[in-house]
Structures are given as C-alpha cells and as structure tokens.
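The following note sets out several points on strand pairing and helix packing for colleagues examining the model. Please read it alongside the sequence and coordinates shown here.

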Amino acid sequence: MPRTALRICPLCEATCGLTLTLDDGRVTGARGDRDDVFSKGFICPKGAAFGAVDSDPDRLRTPLVRVDGELREATWEEAFDAVAAGIRPVVEGHGPHAVGIVLGNPNVHTMAGALYPPVLIAGLGTRSLFTASTVDQMPKHVSSGLLFGDANAIPVPDLDRTDHLLLIGANPLESNGSLCTAPDFPGRLKALKARGGTLTVIDPRRTRTARLADRHVAIRPGTDALLLAAMAYTLFDEGLVDLGERAPHIQGLDELAAALDDFTPEAAADACDVDAAEIRALARELAAAPTAAVYGRIGSCTVPHGTLASWLVDVLNVLTGNLDRPGGALFPQAATDRTPRPAGPGRGFALGRWHSRVRRHPEAKGELPLSALAEEIDTATDEGEPVRALIAVAANPVLSAPDGDRLDKALDSLDFMVSVDPYLNETSRHAHVVLPPPPPAQSPHHDFAFNTLAVRNQVRYTRPAVPLQPGRMAETEILARLVLAATGMHGADPAAVDAMVIDQTLGRATRDPHSPVHGRDPKALASLLTGDNGPERRLDMMLRLGPYGDGFGAAPDGLTLKRLLAHPHGIDLGPLRPRLPQPLKTRSGKVELLPDPIAADLPRLRAALDERPGGLVLVGRRHLRSNNSWMHNVPALTGGSNRCTLYLHPEDAEALGVRDGEPVRIKGAGGEVTAPAEVTDGVRRGVVSLPHGWGHDRPGTRMRHAAADPGANVNQLLDGSLLDPLSGNAVLNGVPVEVAPLTAPVTEKREALT
C-alpha cells in the first residue's frame, strides 16, 4: 500500500521540503511539503522529478574495479582493497601532494559530502585540492574573507523585508537562487514588487528575472566591477554615503573613497555600455530606498574581475547603511554553526599560503584552481611531484572545467583514480575504481552549507525515506571507508572515523573557555549523544554545541537531534538578525573596506576602463530543470526549453548569415564546438550564450538519455588561461568567440595557451 515520507530536496540550493509517495520501496511521486517551515509547499520541476532522478536505470548499483583495462562489477571489499592498493603507494612513494582531490558541486547537497571530505583532506595532508568553487563562487569567498576575515561569512539579501533589490549576474527565476538559500525565490521577488518594492536587474541577457524587473540594465559582459565601482564613486561624489548604526564597526572609508577616484560614471560608461546618467540613477535609487540589498551571483563571479565585483557588492551594501540591517544584507546563523565567540580581533584571512606547481597560482581558501588540474597532472616541473593519483567525489570536471579535451587525456595518464559517483560519466569513466552512492531517497539529509546562506534561520533533518536496497552501501559509509583506505587505516571499522571526529571536536570544545561545555569531560559528553549511527551522532553534537543548542544540558530548551526529530517539518528559528561585530574575524575586528590584496588589484580594473573588445563575447546560462551535468540523463528534466542552443541576437545573426535553428560553429581559445542557433532578442547585440553542462558525446560512458542528445561542451571553448588572479576562478563569461554557419569556412584553430 502506498505511503508518504518527508525528504528535503537535494537537487538545487533552494532546499525545499518534499512529501514523497512511496510504493513497494520506490518513489512514485513528489509534491511540496505544505507544512515545511521554510519552503511552505513550494516545489520546482526538479523536485517534482525526484522519483525519476531516484530511479534512473543508468545509476550504478555496484562498485566497478578496472581489471585488464576494463571496468567490471566488484564487491565492496574488492573495491576498497583496490583503493588502498592504488592510493597508498603514491603517498608513500611521492608524498601526499601527489594525490589530488576533486570535489564537485553535489558534495554540498549531501550530508556525507559535508561531513567526510574535510576528514579525507586532513588525513591525507594534501595541498592538491580542486573543487567546483573555482568555476563558480570562489570570488565571493575571497572577498568575504578579505572584508570580514571569514571566507564563509557571506551576507545574503533579506528578501522578505527589503524595499529595493539590485541583482547583478543573477537569474534566480531559473536557478532558484545560489549563495542565497531561498525556497520560492521567484515568489519572494513577486512579493517584493507587490508590496511596492523595486527590483533592478543588471544582466547582458533579458532573462526571466530581467523581464520581471522594474529596471533592466543590459551591461557589456565582464564589466560588472566597473559599473559597481562607478556606483560607489557616485555615492561618495554626491554625498550619499551613510554607514548607519554599523559605522563603529567599519574602517577604511577615506582610503576607499580615494581608491575609487578614477571610476567616475563618465569614465565607466563606454566600457560598460551603460549611460553615465543611468549609472548615477542606479546609485541614487539604492541610497534613497528605505532598505536595500545588492546581490551578485555567478555572472559577476566568473569574469576577469570577479573578486573585485564581489567585493563591490558588499561595499555598496556598506556605503548605503544596508549591511547587517533588516531589509538589507545580513549574516545568517545556522544551527550547526560553531559556538558564537565574543566579538574581537581574529586571525584574518590569507591568500597564497602555497601555490600550484606549473603556473604558480596562489591557493584560495585552501584550494587551487580547477582550471589548473590538467597541467598539474600532465606537466613536469622542478617544483615538486605532479598529481599521480586522483580522488574525485561527485565531480565531472571533464565537462565542468575549461579545456575538457586536455583533462580527458591527463586523466588517462594517472597512476590511479577513484571516483565516488552514481554514474559512469565523462570523468568517472577514467577511474580505476568507481564507488556508487545510493539514490537520494535512501540517504538522510541535512543542509550544513546552505543553512549558512539561508534567508531565514531554520533547521530541518530527514532520515532516509526508504531503507538501503540489498547490495547498496550508505554514502556516509562509502566516504568513511574511503578515508580509511586512503590514509593507511584500511580495514578499520568505518565507525572509527565518526568516533575520531567526535573525540577531537569535544576535546577542543571542553578546552575552549567560550564553549558551553568548557571544563567538562569529553568522554562523558560523547556518551550523551543520540542517533542511530555516527553521522547522526555528529549532527547531534553540532546542534548541541551550536548557537541554538542545549549545550549538553546547559540550556534545557535548546536544540538537540531528539528535539529536531520530533519536528519532522523543521523548526523555525526566526528572521535574520543583525550580528555585527560578532561574525568578524579580521585582525582589526572591523569590516576592512580596502584590504591590501583588493587595493593591489584595482590598477588592473582601472586599465579596463579603456578596453573596448570587439566581436562576439560568450556568456553562459542556466535552465530551471537543470543544475549539474548528470541531470541531462533524466528524461523528465530535458526537452522543451532545456536545450543546448546558441542564443544569438537577430542583428548579429543577420550579419553572420545565420538562420534560426541552423547549426553554427563556435570557436574559442580552447577549441570549437557546434550547436544549433537560436535567434532571440533575449541577448544584447554582440553577446552569444551557450548553456553549461552539456557535451555527452564521449565514448565509454553509461548515460544513455544524455548521450542521445549530447549537446556541446561550452567549456571546451576555453583554454584555462583566463582566471581572476585573486581567487583563481575561471573566467567563463565575457570570453571572445567566433561564430560562423556550419557550412562556412572557418579560420585555423588557435593554439591553446598553456
């Protein structure tokens, strides 16, 4: 007989609550959970397709181990024996940095992905860490680290109370929001307008979000930082700066004004292709609003000045008095955050503590650029060992990183590779061992990362909706065993990993004078933890030590796992609240408006005032029914508007002799691809747009639906040489390309820069 179960959707950052219909252990339907304290019944097409995602027949069900060059089904014991035999000789013979770790975007959507990779990285001691962050949001982490002293202290717009919202490089009607966790982001924007608020969108495309806006500014791609700098200049120039109540917590105002002196609206207008009068109007409207928030996303991160643009987003929030203010941009407080410390100076945030071997890219937040992964494998230098073994967890960089062709070849040269992935995709097909996690319905869920970015403080947890099928292994156990196999403890009880983390965490907490458990016995505290397994015990510990926790009895009404389980639809912890100066960890204990690395990068931005690139430039785009490349294997999430086409303005199409629907060649520094043209006024003239995550045409994969309509890999147009220097983030937008009808002759392919 059918029954229902609750599940938090893991398919995008909105984290909506779902009610699943189950029949004989199979998900047969999904609808929004109307009683969910955060999403209140909202659901998007991805959540509605949860059952199709869960039951995809191409999902791997058993481990694969390479034998005589071929991947064959194996037992879990054989698979982990092979991992230990493959990783340990590399570590012992060439050192820990010869083992690379690649973490993909889905890691932050699972409990296992949040809990175990940090243990793996620390246990191996490798500095060869690459993640999806450096083809996405790393500029925001770096700018937050420099401004606030903490790379994870990211203010989010107070969507439900703001009077004026300015979005730059963001399209939440398609993405559902990112670095701003907000179920029903579209509904929240419509509510903003319904209450008389103003929505401004800055984007070279007339996106669905732009069509909703009161003002749409079609900026030239890649000039986001110039426009934001000119807006900040206007605030100083016209006496509109007002720090409000946060003034005592901010330093560097005069230095900032001097540093922006060259960025007048008149100087920036031609480069941005936005009238100076409109730039001034944007600044005036922002300053005049009762409350306002500026929010930038991937379009303003994946550009040559991504860190400066991300910095200027928060500079504008500061200068208008809207940082840490209801209706402005506030710092969320997640239930599993560390125990809040008293305000005061911290250690600050440092860049470049080590560098990549080949092009000497500085690390940022402990990571090296994903764009550098191929060269770190295939290029020998005098600076240390190349990456000889790779651990890829939920990652498909052959499609998600620049120049997948080069990375494709580099992966084949590795001594050993293990991939934790439910699919045999363009990257995992190179692995010597593939470890497949179970479908999401068979896994627990708590959003560790996204609750730190949520527009309302709340906490939710769902246990597996259905039990593990025979032969499956929980993702938490897979990653715990991977930690043991890679760090020389193969064969130990996987529960030892959780026990070790609990012992270490409680040991630190009892020594911390600001902790609610200071001076208590760690072993006695550990005995109080509840939960059916190690991951649940770790969640219970984090809740108890967190800002709303019971402190192991010190606050009897505080949060525990037991209390959370008694509230299956979640617990509402209230609206975002002003928190400064507590979140600040800068050396000064204040918001540092003009950090040295930012000041040192401003001359590069000044030079961009005189740049006028000709020809066509490329920008990416998202579809509502897609997030990561693997979603193209789900029939319910493909087709319709979710197609891999090249958007082209009608006037550009006419000049090139391209007709709607005809195939065209697109050529960039990294290579060329072919895609159908879609002639539309949804892009400004001089701009073309190709979506992310396609290119499913490589042999040896097992994603049949995706392979039937492979599309083109937009990242193959990039050679990996273009990076934002502060963050190491790949430049994916505003990249020059050439476009021609497929039948027209094309110039010889440019050699990729190395």
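Which residues point one way from S6, and which the other way? The points below begin with the basis of the model and then take up that question.

1. Basis. This is a predicted model, in which local features need pLDDT of at least 70 and side-chain atom pairs count only at pLDDT 80 or more, while totals for chains, interfaces and linings use all residues. Residues are numbered from 1 along each chain as its sequence is written, and side-chain values use heavy atoms, with hydrogens and water left out.

2. Strand S6. Val99, Ile101 and Leu103 point one way from S6, Gly100 and Val102 point the other way, and all are buried (under 20% relative accessible area, with a 1.4 Å probe and protein chains only). In a regular strand, side chains alternate between the two faces of the sheet. S6 (residues 99-103) is thus described as mostly covered, with five of its five residues buried. Strands here are DSSP runs of E of at least two residues, and helices are runs of H or I of at least four, numbered from the N terminus.

3. Partners of S6. Strand S15 (residues 389-393) runs parallel to S6 and is joined to it by five bridges; two strands count as paired if DSSP finds at least two bridges between them. Within this pairing, Gly100 stands opposite Leu390. Strand S7 (residues 129-131) also pairs with S6 in the parallel sense, over three bridges, and here Val102 stands opposite Phe130.

4. The four-stranded sheet. An open sheet with parallel pairing is formed by four strands in the order S11-S10-S9-S13. Its edge strands, S11 (215-217) and S13 (293-296), each pair on one side only. The twist averages 15° from one strand to the next. S9 (residues 164-168) and S10 (residues 198-202) share five bridges in the parallel sense, with Leu199 in S10 as the bridge partner of Leu165.

5. Helices across this sheet. Helix H8 (residues 185-194) lies across S9, S10 and S13 and runs at about 135° to S9. Helix H15 (residues 306-319) lies across S9 and S13, at about 175° to S13. Axes are lines fitted to C-alpha atoms, for helices over the stretch in contact (heavy atoms within 4.5 Å), and angles run from 0 to 180 degrees between N-to-C directions.

6. Helix pair H5 and H19. The axes of H5 (residues 117-124) and H19 (residues 475-486) come within 9 Å and cross at roughly 0°, which makes H5 roughly parallel to H19 (angles under 35 degrees). Pro117, Val119, Leu120 and Leu124 in H5 meet Leu479, Leu482, Val483 and Ala486 in H19.

Note on methods:
Buried < 20%, exposed > 50% of the residue type's maximum accessible area, 1.4 Å probe, protein only. Parallel < 35°, antiparallel > 145°, perpendicular 65-115°, else oblique.
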